[in-house]
Amino acid sequence: MLSQPLQASFTLPNGAEVIIETGKLARQADGAVTVRQGNCILLATVCANKDPKEGQDFFPLSVDYQEKFASAGRIPGSFFKREARLNDYEILTSRLIDRALRPLFPEDYLCDVQVLISLVSSDPEIMPDALACLAASAALAVSDIPIKEIISEVRVARVDGEFVVNPTRTQLAKANMDFLIAATEKNLMMVEGESKECSEEDLLNVLQIAHDAIRVQIKAQAELRAKAGSPVIREYKRPVQDEELKAKVATFCTDRINEISKSGTAKSERSLAFSTLKDQLIESLGAEAESTAKKLAKKYFDDLQWELVRNVMLEDRVRLDGREMDQVRPLAMEIDPLPTPHGSALFTRGETQSLTTVTLGTPLDELLIESAAVSDYSKFILHYNFPPFSTGEVKMMRGVGRREVGHGNLAMRSLKQMMPGNEYPYTVRVVSDILESNGSSSMATVCAGSLALMDAGVPVPKHVSGVAMGLISRADGKYAILTDILGDEDHLGDMDFKVTGTRDGICGVQMDIKVDGLSMDVMREALMQARKGRLHILDAMYNCLPAARPEVKPHAPRMEKIFIDKEFIGAVIGPQGKVIQEIQKETGTTINLEEVGNFGEVSIFSKQKEGLEKALTWIKSIVAVPSVGEVYEARVKSIQPYGAFVEFLPKKEGLLHISEISWKRLESMEGVLNEGDMVKVKLVGVDQKTGKFKLSRKALMPKPDGMPAQNERNDNR
């Protein structure tokens, strides 16, 4: 019989109750909890190996968030009808949790840890990603796995001018700020989100509101841990230490590391210098030194390098490449470097380079974004590629990794803020290929993407740029904020802080903090320094391309849009789609037809102007309403003794009487017209009783001289 589960709960600022429970499900895991809000239930489990793998020198944490389709009463749409690899949304949620959890573990803890979070019951109004990190942290809190602190995560959105903690899905659809924030009791750990050009002060307000809400959730987790008996934290095997060897490494390398750190050389020269010094260190140990000692020496070298380079920045205010703390690397940018894509740009900042293309597609190219609760289509797609040659490495190409999904998502969320609304007919795909990387290729993607969109003629009103910030801090209170960080500075720093935006405000933020005690004053200073760097890059972008091209390029697909009466939708489509398929085949166009209220919205796409015009004329003829006095190109359908029946509009036929074919009197129809002939006719009337159309050909011909008036001719007959 199951034991009674243990529970703790708290209330969100909007009055919603959240319940955390343990002891009922997944009891063989090291830690397992469910988190419930409304009908949304998440199951989080955590397991860790008792000992690290032999020779392991890094912390192997894996986090997977997955939504079970059964949670929303749905069957997956894949061929196998089961959940497969994680989709982008699940990967992004997993990354958010991973980034928040990773700093919680002791630095000398190297055992494999696996955190799994599953959505097992879905509520259409509850956003599960805002509860997933809470569930993961609670599972760790009730386990005996060593962690330094408890954390939690909340979403804060601004809806109708008010800040809302963990808004509903309906509220979020109206928000102009959307941020996910993770924190411990004392410190912020992670920030990710987007906004419609918010100010730096607005963002600081969001962080403060989030931190207050997180403290309530941490208290509830601590309560659940206490009810579970505050498990005794397990002992674990710590890495071997050799203090004598560490001192030897310091003696051999300190002066040289300081010298290299102040040299201001390029990445390749600097990397070679550090690598050569490390080789010399290993060589100094002697051939008889054990492999364990050599491995330890390399670790101590890396640790020493980390400490000394940071001290050089703090004490001497000298960066690795010789720049000032707030200086952006040299910029170079070019639009339209590729002749065939619909838009392209090459953006280079220092040793980071992005070649970005834009492709304009039809509504048929929209991306289906599917989760357990929601299936939706997106007309704006951004893909980010990071090939190994961008860092001069050789690696297996195994498809898109989580890092690429995360970096692409940040750029997509930032550029999306300036994209035109749903009335814009094109589906837009942006692809950033990183050709060179030494720090913040995601920010290069934002800049190159903005330039390429304008080059493609997408009507974005403003450029969006991005800059990556870093922080070096020390326990004595000394700190340095770095603008446009290098890859090495990212590794060395206590904060990785990416900010994107226009001249008028912030569009996107991604921040990971690795240090305790980051004050709001330091955060405010970092934001203002980021704004300065962002504006500097924007000035260069506007000098390169001041505004979007007024129209798409000649080789890009052209588009025409018309609205037709709802009653004609079936006529344009035809039985089983035959009519619209015929139009597309004959004209080489792509046609999209959607019902919008009482109208049908018809969008016609073509690379050839002639095909587009032909399709447009064809559709207009189908939906045209016959108008007395109008002239039509008609096709003869059948010949009768008294005249010819002609089709002057699709499905619209009328009689061209023998007396209306010519001013000359005709005795018969023989040899006058044949079936299939094209003839211009004028609609001269509609019989009010029968609705039959009266057509005339002679009305379009000049009247012969001496020809009697119509009524006189009739009298003579």
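This is a predicted model: local features need pLDDT of at least 70, side-chain atom pairs count only at pLDDT 80 or more; totals for chains, interfaces and linings use all residues.
Local features need pLDDT of at least 70 and side-chain atom pairs count only at pLDDT 80 or more, while totals for chains, interfaces and linings use all residues. Numbering runs from 1 along each chain as its sequence is written, and side-chain values use heavy atoms, with hydrogens and water left out.

**View 1. Glu315 and Arg474 pair up in a salt bridge (a side-chain nitrogen of Lys or Arg within 4 Å of a carboxyl oxygen of Asp or Glu).** Their closest N and O atoms sit 2.5 Å apart. Glu315 belongs to helix α7 (residues 291-316) and Arg474 to the loop between β18 (465-473) and β19 (479-483), so this contact ties together parts 159 residues apart in sequence. Helices (H or I, at least four residues) and strands (E, at least two) are DSSP runs, numbered from the N terminus. Glu315 is partly exposed at 42% relative accessibility, and Arg474 is partly exposed at 27%. Here, buried means under 20% relative accessible area, exposed over 50%, and partly exposed in between (1.4 Å probe, protein chains only).

**View 2. Arg319 meets Glu489 in a salt bridge.** The closest N and O atoms are 2.8 Å apart. Arg319 is in the loop between α7 and β11 (331-335), Glu489 in helix α10 (residues 487-492), 170 residues apart. Arg319 is buried, at 0% relative accessible area, and Glu489 is buried too, at 2%.

**View 3. Arg503 and Asp539 join side chains in a salt bridge.** The N to O distance is 2.9 Å. Arg503 lies in the loop between β20 (495-502) and β21 (505-513), and Asp539 in helix α11 (residues 520-544). Arg503 is partly exposed at 38%, as is Asp539 at 40%.
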